[in-house]
Amino acid sequence: MIAVTRMLRLELRHNAMALMVPVVVVLFWFTTYRRVMAMPPLWNLRAADLQMYSVVDFVTPLTGAAAWMGSRESRRRLADAVLITPRARWARLLATWAATTIWALVAYVGCVAVVYGMTAGQVAGGGPLWWPAAVAAASLPAFTALGFAAGVLAPTRLTAPVTAIVAFFVLVLSTELIGHNGHSYWQIAPIVSVAWNTGSNPGVATFYPYLPDLSIAQVMFLAGVAVTLLGTLALVGESRAVRAAAGGVTAAGLAAAATAVLLVGTSAMDPHGMMRIPALHDAANDRPVQFTPVCSHAAIPVCLNPAYSAYLASTTAALEPVLNEIAGLPGAPARILQEAATYRVDSRDGEEVRPTEGNTNGEAVYHLLLPVQMLGPTLTTAQTASQVKWTDGPDIVANFIGAGPGASQAQNAVAAALTMVLGRVSADPNLRADLNGEAPGGPGPSELGGLIRGTAAQSAAERFAALPAQTRRAWLASHLAALRAGQITLSQLP
Amino acid sequence: MNTPAMTATGQATATRLATAARLLRLYAASRRTPSALAAIAGCAIALRVALLGHWDAYGALQLPLVIETAAATVVAATVASPFGEPERVCGRWLPFLRLAATVALTVTATSALVIAAATGGHLAGGTLDVIRNVAGITGLGLLCAATLGGGLSWTGPTAYLLPGVYALYTQWHGPALTTPWLWPARPPHDLGGALCAGLVFAAGLAVITMRGARDRPGDGE
Amino acid sequence: MNENSAMNVEITGLTRRFGSATAVAGVDLRAGPGVFGLLGPNGAGKTTLLRMMATAVSPTSGQLRLLGRDPAGYGPRREIRRRLGYLPQNPGYYPGFTVTEFVEYFALLKEVPAGTVRQAVATAIDRVGLADRRKHRLRTLSGGMLRRACIAQAIVNEPELVLFDEPTAGLDPQQRVTFRALLRELGQHATVVVSTHLVEDVGAACAEVALMDRGRIVFQGTPDELMACADGQAAGDTPLERGYTAALDRAQS
């Protein structure tokens, strides 16, 4: 044990990986850190992208450095001198590989600690997701084993660059080969952190726990690969017992890796947007996460999952005009509550996101799905607020009034008027000045309730919208029931 | 009418040319050029096979970049000298040999990739992209060979591959990285990217021509 | 001295082929404690013979027993290697290692008992005269000092069988004298086989010498007996050189 420790200490002191650490850290800063830290402060987003980008940053140079270390004895003409020593070859090589991998892991843990530490200071709710970090960490021993074995078995001057570039190529290729197949075996690649077709998704792992199924399979695969490669180094030049043990270890590693690949082939996206592998699935992860929502202090509070608390102020501001219009009136929602999204694969192998519960008329709670929970490009806070304003604002109004297909013209006109109150022609830089133009993220008043510009309904809506707020409110208070019952005509609108 | 003097001069010239050719051949053999040519051919075949597939927007540029980097790394790896000091002190032909061999291999690598792509595949960035990328990344490898040694010439190109691929990705998923020093992400006809790549290649070529790859003591072959 | 056999090296009909080339062709050799010299021209098979004795390569045919054991088996081979020291003709090294680290590394590989490693390393470095350079990195040492560091790694485990291939290459005359003294000291307790081109090294340190040519041993005896082989026409500046040349000529004729 002392001898092994001493050998490891010698190796750690003189390992080429130590020289590669600054290079890797710079690469990490340039590609991963800046990108991840520019994302909204959500653990699901940042952890998933950290896994994906850090694997690429670390694996390529470290595989090459490991190959360089593997070829060391041959390059330094020490092959004969170490060959005739009694210390088992596999023990000697394992010490070198272990030192190489320790340096890689130290660098990785340092980088992750910085990202997670800074994110922890920014995130308002939820805890760090450790599985993505664990998968990326598990990829390091696997790829250093790959490079190291290549260096030992083929100690040429091209081995290091070839293995480094091939490792990178395989990672990139795996993402191309996944395609739109949710059952693809290529999802075993450690670069895959989420359902590949949805990409980094801020809507997952907040209302429901992060599903570690795919991560477990990936760690199993990577461990199997590492064990297999290291085991092959002990298949030659050792005693019969050691070779038999090495054969067993190699076979076990292969079996683990193969099993993991097969398991990934059974994966499918679950309704919460995460990859579920039946054989690895823990039903406890299907239960929603218990949380206390963070709410705004308003007549109709907006309540969000703490993970999205960064959006509370802007969402509240976006909905405030319409909520102020209807607050306290009969049938107005008691609160606006964010809900979880439901994911499903559509008939064209694409993914779509739906609200888990529909918005029903007259319910005390309006269920809100933030745009960040939907699939699509990452939005800024302002863009998110604008989308909420023009999607959920009119929806809240429609539910309140009972507007929509089948409703009376008066209902649709009043709903349109309240939507106009949202500030269609305001100074909001996300809006176009054209009244008939479509507001970002939602239908325009000209489409609401089938209103067409220049019609009596449109004129009635504009008249109602032009009334003082108090007047509108007073009228609604006294005529709401009749309006909802369809007993009010356009001419009866003030 | 051939005079004896002219015949003698002609023979001397022929002898000199034959000697020069032999020197070039031996130099190339010492740098494992046949293996390098085989590796470059392998890169060209890999590119041709890769182009059989249909790749998405930035994948169509990233995949060739990986193979271009591999080819550039092969070229840079050939500058390492197996002889060390005994060769350095031999005479005045060494810089010319280094220059000729490096340029020839760079041209060969570029041509092989372009020809492989031209045999039916669609190379998203085109010929200019290949020339710029291979030349620039080869330059990085040459600079690494001069500073770190021939055995470590691969570190620069391999490390550069990552920001290069990432920069291509950001063209579709912003904010886009547009610095010309990340020339793989620049359009093929972009002058800035071409200048940067050319500058790096010229710098690497100059250093290698004058000084050769750094000799590392105790380095075996 | 080996309790089981007075002979630490017993070779019978040892042959080694590399493809169609025969490097060692049916060599018989016995060596006990003491210094045994191995002479011969380039390509005679000295290095190959030494590498077989070092268990670095296995023989194509013949019998080989080292320290009373047959190195063909894994267990006996491992035991031999614990008690073996070997300095190759072109020793390699890790330039970034210090002298101490380099010798320590081999002490650990040779399974020197953990508690004695530090002392064994210090002793080996002292014996080769590098005590004042023990913390210097190998890349900073001259060629001769590097070779002495490599000698130190060969003797760090107090071997019973020591094999030196061209050990004095790069050493200055004073260091060669010191090294011969080391050889004699080692030879008191171990079998030391020295392969060298330098005839005077053999004469100064070896009790017995063998001359190899084209894979075979063409002379085996004492240095005095080798000197006696010389006739008046043999080339050489010293009696031993003339004896060497004469014996070689006789073998090649």
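The exercises below, with worked solutions, concern a predicted model.

**Exercise 1. Confidence in chain A**

Task: State the mean pLDDT of chain A, and find how many contacts beyond four places in sequence the model has for residues 358-362 and for residues 424-450.

Solution. 
- Step 1. Begin with the chain as a whole: chain A has a mean pLDDT of 85, and 90% of its residues reach 70 or more.
- Step 2. Turn to residues 358-362 of chain A, where pLDDT stays under 50; the model has 7 contacts beyond four places in sequence for this stretch.
- Step 3. Do likewise for residues 424-450 of chain A, where pLDDT also stays under 50. For these residues the model has 56 such contacts.

**Exercise 2. The domains of chain A**

Solution. 
- Step 1. Contact between them involves 21 residues of domain 1 and 19 residues of domain 2.

**Exercise 3. Chain B against chain A**

Task: Identify the element that gives the largest share of the side of chain B that touches chain A.

Solution. 
- Step 1. Count the residues: 22 of chain B are in contact with 23 of chain A.
- Step 2. List the elements of chain B that give two or more residues to this side, namely α3 (59-77) and α7 (155-170).
- Step 3. The largest share, 8 residues, comes from α3(B).
- Step 4. By class, this side of chain B has 13 nonpolar, 8 polar and 1 charged residues.

**Exercise 4. Chain C against chain A**

Task: Carry out the analysis for the side of chain C that touches chain A, ending with its division by class.

Solution. 
- Step 1. Here 28 residues of chain C are in contact with 20 residues of chain A.
- Step 2. At least two residues each are supplied by α2 (74-82), β5 (84-87) and α3 (99-109) of chain C.
- Step 3. α3(C) gives the largest share, 6 residues.
- Step 4. The classes on this side of chain C are 15 nonpolar, 5 polar and 8 charged.

**Exercise 5. A helix pair in chain B**

Task: Describe the packing of helices α6 and α8 of chain B.

Solution. 
- Step 1. Locate the helices: α6(B) spans residues 126-148 and α8(B) spans residues 191-211.
- Step 2. Their axes lie 7 Å apart, at an angle of about 35 degrees.
- Step 3. The crossing of α6(B) with α8(B) is left-handed.
- Step 4. The residues of this contact comprise 15 nonpolar, 6 polar and 2 charged.

Technical notes:
Residues numbered from 1 in each chain as written. Chains lettered and ligands numbered in written order. Predicted model: local features only at pLDDT ≥ 70, side-chain atom pairs only at ≥ 80, totals over all residues. pLDDT = per-residue confidence, 0-100. Contact = placed C-beta atoms within 7 Å. Axes fitted to C-alpha atoms, helices over the stretch in contact; angles between N-to-C directions. Helix = DSSP H or I, 4+ residues; strand = E, 2+ residues; numbered from the N terminus. Left-handed = near helix turned anticlockwise from the far one by under 90°. Nonpolar A, V, L, I, M, F, W, Y, C, P; charged D, E, K, R; others polar.
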